[in-house]
Amino acid sequence: MPITTGNYRRNITYSVFRGLKAYSLVLLTLLLWQAVIAFGLLPDYLLPSPLQIVKAFFDDFSLLMGHAKYTLFTAFIGTLIGLILSFVLSICMDTSKGFRNMVYPIILLNQTIPTIAIAPLLVIWLGYGILPKVVLVILAVFFPMTIALLDGYRSVTQEQLNLFKSMRATPYQVYRHLKIPSAMGYFFTGLKVALSYALISAVIAEWLGGYNGLGVYMTRVRKSYELDNMFAVIFFISFLTLLLISIVKLLEKRVLRYQSTSG
């Protein structure tokens with residue numbers, strides 16, 4: 001069926017309406033927030049209005065972008081190393097039950113330690129450079145990725161494993177052609193959680209020392225009581241997190257679609 005101009009316009013209108021409906025509560029909250037400040041129900045030096053926050057964001061736009069590059073780089077490096085370690089450890093835990101029973105409590109214990117509690121120790125041990133921040137990101141993303149991959153490997157049925165064994169497949173072939181493809185859905189679910197942890201962990205580590213990063217920027221504006229800039233960077237971090245998750249969702253759709261068509 002050919003796409004006419006009328007159908008195209010209706011599709012665009014429907015997409016815009018659906019987007020507004022999805023974020024209607026957020027828009028309503030912002031309007032109420034702005035009205036509260038505009039009518040003087042709360043002083044703007046305690047709670048800046050959304051318009052003041054937007055103005056503060058654009059006033060410090062170039063500075064925020066410079067700090068964001070550093071924070072994103074830290075989160076990316078930590079996440080990449082964490083992913084590699086998670087893949088290696090998850091395969092080792094999947095192939096050896098004894099190793100899994102020995103390592104799993106340690107991984108679980110790592111998850112119970114608050115990020116804000118271990119960050120000062122890493123700064124003391126490793127200095128004020130990028131290293132303690134990367135290590136904190138690795139610790140944050142390590143658990144959700146390892147558990148997600150393990151669950152993905154376990155989703156393989158015994159019938160599938162028996163089929164590969166009957167074809168005399170090597171362990172590498174089993175993981176390459178069966179277990180890892182089966183774990184892709186779990187992998188992307190864990191990656192979305194890990195990315196949100198990664199960015200937050202990088203910012204927390206930057207609170208405690210350093211020269212660049214959104215956490216350093218937050219510390220500086222907090223000390224000078226610039227609440228409009230404080231809210232601006234908080235919303236900016238939330239936006240970056242949602243953007244990263246959206247990119248992962250897009251990548252997930254493409255990878256899973258490719259698997260379904262090629263399989």
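Me: Hi! Which residues form a nonpolar patch on the surface?
Reply: In this predicted model, the patch is made up of Leu-121, Ile-124, Trp-125, Leu-126 and Leu-131. Together they have about 540 Å² of accessible area.

Me: Which helix gives the most to that patch?
Reply: That's helix H6, residues 115–126, with 4 residues. Leu-126 is found in H6, and it counts as partly exposed because its relative accessibility is 34%.

Me: Okay, new topic. Where is confidence lowest, and where is it highest?
Reply: Helix H1 (residues 5–22) is lowest, at a mean of 58, while helix H3 (residues 50–59) is highest, at 96. For the protein chain, the mean pLDDT is 88, and 91% of residues reach 70 or more.

Me: How many residues of helix H11 are buried?
Reply: 7 of its 10, so H11 is mostly covered. Among them are Tyr-217, Met-218 and Val-221. Just after H11, Tyr-225 takes a positive phi of about 60°.

Me: And how many aromatic pairs are there?
Reply: The structure holds 10. One of them joins Trp-33 and Phe-235, a tilted pair at 6.1 Å centre to centre with 55° between the planes.

Me: What does that pair tie together?
Reply: Trp-33 lies in helix H2 and Phe-235 in helix H12, so the pair connects parts 202 residues apart in sequence. Trp-33 is buried, at 15% relative accessible area, whereas Phe-235 is partly exposed, at 40%.

Me: Why is the pair of Phe-187 and Phe-188 edge-to-face?
Reply: Because their planes are at 70°, with the ring centres 5.2 Å apart; planes over 60 degrees apart count as edge-to-face. Phe-187 and Phe-188 are both buried.

How values were computed
Residues are numbered from 1 along each chain as its sequence is written. This is a predicted model: local features need pLDDT of at least 70, side-chain atom pairs count only at pLDDT 80 or more; totals for chains, interfaces and linings use all residues. Side-chain values use heavy atoms; hydrogens and water are left out. Patches are made of residues with over 30% relative accessible area and no salt bridge: like charges are joined within 9 Å, nonpolar side chains (Val, Leu, Ile, Met, Phe, Trp, Tyr) within 5 Å. Accessible areas come from the Shrake-Rupley method with a 1.4 Å probe; for residues, only the protein chains shown count as cover. A salt bridge is a side-chain nitrogen of Lys or Arg within 4 Å of a carboxyl oxygen of Asp or Glu. Helices (H or I, at least four residues) and strands (E, at least two) are DSSP runs, numbered from the N terminus. Buried means under 20% relative accessible area, exposed over 50%, partly exposed in between (1.4 Å probe, protein chains only). pLDDT is the predictor's confidence in each residue, from 0 to 100. Rings of Phe, Tyr and Trp (its six-membered ring) pair if their centres lie within 6.5 Å; planes under 30 degrees apart count as stacked, over 60 as edge-to-face and the rest as tilted.
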